[in-house]
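Biologist: Could you walk me through this one and tell me what stands behind each label you use?

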Amino acid sequence: RSIVRRTSTTGAYLTRRGFASESAPDRKVAILGAAGGIGQPLSLLMKLNPLVSQLSLYDIAGTPGVAADVSHINTRSQVSGFAGDEQLGQALEGADVVIIPAGVPRKPGMTRDDLFNINAGIVKSLCTAIAKYCPHALVNMISNPVNSTVPIAAEVFKKAGTYDEKRLFGVTTLDVVRAKTFYAGKAKVNVADVIVPVVGGHAGITILPLFSQATPKANLGDEEIEALTKRTQDGGTEVVEAKAGKGSATLSMAYAGAIFADACLKGLNGVPDVVECSFVQSTVTDLPFFASKVRLGKNGVEEVLGLGPLSDFEKQGLEALKPELKSSIEKGIKFANDN
Ligand code: NAI
């Protein structure tokens, strides 16, 4: 049995003990919305992950083609495609991790909250099925607005009696990916070495990168930090505008989603010290959900880590984001209970 040592895929901070594919336990990953702009490259990246033994691709249509295509890649996992409501149960049964990039993306001029009316309903119905068919799976919520869809999922699971706060994650990894890239560019450091926590939520000013904690340290001035913060907060909009009506981030999001799902799988498999930022149920602030560093383990969230020391600029940012984040969370809870 060979044990491989490798650096974390985040390019980051810890050398972790991985598994050679032969010795890794069987793990089923389901992707809901697998035929979409994020779903397709995410399916590809998860097919490349040796920790996955079964890859289940679900969408309302188009998944047989995506699954046939991806299934020809000579890596470990067996791939199956499922299309339409009547196959959703089969797609989910036995899943260890469910990744949800189902829903509509933004067009120029839209905020993530403008997606609420459509995506809230999609997330609610998918989570109802998760509660029924794989209540113990770790759920990675990508569908926007994440600040509301995660609370919706929590309410659906509570009603079904399956809620476990350790198993529900809003995927904010793309904010971290962007913060790392932008910081490395400004600080002129090797991007593969950069660590930056991003906390708060996943929309506009609720995205709060903590550049005061970024490493490798760099001597950036206040104005540079403010510009980096703004660029990280508006990173999604930068892509939406560049795509000019053809959607939002898909390729970088698929990368970020694959990193986060990989971290979840490593945690489930007992790899120590797996830490990623995620939007989870939290007592770090007075808000019921909040993104911060999370240690992942065999049951999902092992520990929600605190914010650490903040600069005055970050403290202001934290206070400024709370009202918006609070109302997005409440909007999600209200939707789940009214519909
Ligand atoms: P897309 O429109 O290209 O793909 C969405 C897919 O979801 C489509 O294939 C569609 O058929 C499918 N879908 C719709 N209803 C469904 C249902 N009931 N069950 C299963 N599948 C269903 O959109 P794209 O670009 O892939 O974005 C997907 C979502 O991800 C959007 O809500 C977007 O805002 C969000 N997003 C989140 C990010 C994050 O950082 N968390 C970053 C970028 C996008």
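Modeller: Let's start with Pro209, which sits in strand E10, residues 207-209; strands (E, at least two residues) and helices (H or I, at least four) are DSSP runs, numbered from the N terminus. Bear in mind that this is a predicted model: local features need pLDDT of at least 70, side-chain atom pairs count only at pLDDT 80 or more, and totals for chains, interfaces and linings use all residues. Residues are numbered from 1 along each chain as its sequence is written.

Biologist: Why is Pro209 called buried?

Modeller: A residue is buried if 20 or more other C-beta atoms, placed from the backbone, lie within 10 Å of its own, exposed if 12 or fewer, and partly exposed in between. Pro209 has 30 C-beta neighbours inside 10 Å, so Pro209 counts as buried.

Biologist: Which residues does Pro209 touch?

Modeller: Not counting residues up to four places away in sequence, Pro209 touches Ala179, Val196, Val198, Thr229 and Thr232. Contact here is C-beta atoms, placed from the backbone, within 7 Å.

Biologist: What makes His202 an "active site"?

Modeller: That label comes from UniProt, from an unreviewed entry. Such annotations may be inferred rather than shown by experiment; positions are in the numbering used here, and feature names are shortened. In the model, His202 is found in the loop between strand E9 (198-200) and E10.

Biologist: Is His202 buried or exposed?

Modeller: His202 has 28 other C-beta atoms within 10 Å, so His202 is buried. Leaving aside neighbours within four places in sequence, the contacts of His202 include Asn147, Asp175 and Phe279.

Biologist: Which residues are the closest to the ligand?

Modeller: Gly33, Gly36, Gly37, Ile38 and Asn144 are the closest, and 32 residues surround the ligand. A residue is near a molecule or strand if its C-beta atom, placed from the backbone, lies within 6 Å of it. The largest share of the shell, four residues, comes from helix H4, residues 116-133.

Biologist: Which residues of H4 are buried?

Modeller: Among them are Phe116, Ile122, Val123, Leu126 and Ile130. What covers the buried residues of H4 includes strand E3 (28-32), helix H5 (146-160) and helix H10 (312-338).

Conventions. Two residues are in contact if their C-beta atoms, placed from the backbone, lie within 7 Å.
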